[in-house]
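The sequence and structure are shown first.

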Amino acid sequence: MDLHPLAHGFADVADAYERGRPGYTPEAVAAIGLAPGARVADVGAGTGKLTRALRDAGFDVVAVEPFAAMRAAIAPELPDVEVLEGAAEALPLGDASVDGVACGDSFHWFDGARAAPELARVIRPGGVLAILGNTAAGEAARAGAAWGQPLIDLLNAVRPEHPAFTEDQGRAAIDATGRFEPFAQASVTQLHETSRAGMVASIASMSYIALLPDAQRSDLLGRADALLREHGVEDVGVPLRTTIWTARRRAA
């Protein structure tokens, strides 16, 4: 499957992703702006973090995910959800077959020029494209933890050029189609309750960490764990902000 080179790091990290990554709150899902019962595709579903929140909100959900290990993590907890192999650039969905597409921390991986017309193809007129992303809740929140900046510095030292760290994470490709209304933005906050082990798992689930040579990856994860131990981190609440970008599909 033709994906961003870094995205292939997700092929073998389903367990770490499931243990370490935060989910999405009911408030974040409500900001999508669709009524319960709407047919929604979770594209780039990963292990189903957003899929669960969509299902719990009463949507008729189909999960689309390119990696087999990720798809396998969705099925046990969500046996009533259809799970399909596929990617945004070639969606396994019919024309105008969904009321919305939701992308939870996945949109920046898409090839915008190829994905944008596919998203317009499958979303019914009046439907919604929703792009959700979880980030630390501001510089003040991170500065409040003595381990925050050293941990960021540790990761930045090995981070390559990455599509999430761009001005719009690819949203301009949607605007360029002329088939969506301008994006609206909303945000909600949450406290991600996790642990030292969960934070290390989250780091292990990062694409560019997963792609490091084995010895370098093990060393980095060990250093991250040691840093958190040094600061007495065991159970911790990490403040997060979920940003929700929504664009309505034009009628023509």
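In this predicted model, the cover over the buried residues of helix 5 includes strand 4 (98–104), strand 5 (123–136) and helix 8 (172–177). Helix 5 itself spans residues 112–122, and its buried positions are G112, A115, A116, E118, L119, A120 and V122.

L119 also belongs to a nonpolar core of 26 residues, which includes V43, A88 and C103 as well. That core lies apart from the largest one, which has 35 residues. Within the largest core, F10, W147, L151, I203, I209 and L220 have the most contacts. Helix 1 (14–20), helix 7 (148–156), helix 9 (196–204), helix 10 (207–210), helix 11 (214–230) and strand 7 (235–248) each give two or more residues to this core. Leaving aside residues up to four places away in sequence, L151 touches M199, I203, A224 and L227. In soluble globular proteins, nonpolar side chains tend to be buried together.

The protein as a whole has 11 helices and 7 strands. Its radius of gyration is 18 Å, which agrees with the value near 18 Å for a compact globule because the chain has 252 residues. Of the contacts with a separation of 6 or more, 78% are accounted for by residues 24 or more positions apart.

Overall values for the protein are as follows.

| Property | Value |
|---|---|
| Box filled by C-alpha atoms, along the principal axes | roughly 55 × 35 × 35 Å |
| Buried share of the 252 residues | 52% |
| Accessible surface | about 11,200 Å² |
| Share of that surface from carbon and sulfur atoms | 53% |
| Distance between mean positions of the 22 positive and 33 negative charges | 2 Å |

Definitions and conventions:
Residues are numbered from 1 along each chain as its sequence is written. This is a predicted model: local features need pLDDT of at least 70, side-chain atom pairs count only at pLDDT 80 or more; totals for chains, interfaces and linings use all residues. Side-chain values use heavy atoms; hydrogens and water are left out. Helices (H or I, at least four residues) and strands (E, at least two) are DSSP runs, numbered from the N terminus. The radius of gyration is taken over C-alpha atoms; the globule rule is 2.2 Å times the number of residues to the power 0.38. Buried means under 20% relative accessible area, exposed over 50%, partly exposed in between (1.4 Å probe, protein chains only). Contact means heavy atoms within 4.5 Å. Accessible areas come from the Shrake-Rupley method with a 1.4 Å probe; for residues, only the protein chains shown count as cover. Lys and Arg count as positive and Asp and Glu as negative; His and the chain ends are not counted. The place of a charge is taken as NZ of Lys, CZ of Arg, CG of Asp or CD of Glu. A nonpolar core is a set of buried Ala, Val, Leu, Ile, Met, Phe, Trp, Tyr and Cys residues joined through side-chain atoms within 4.5 Å.
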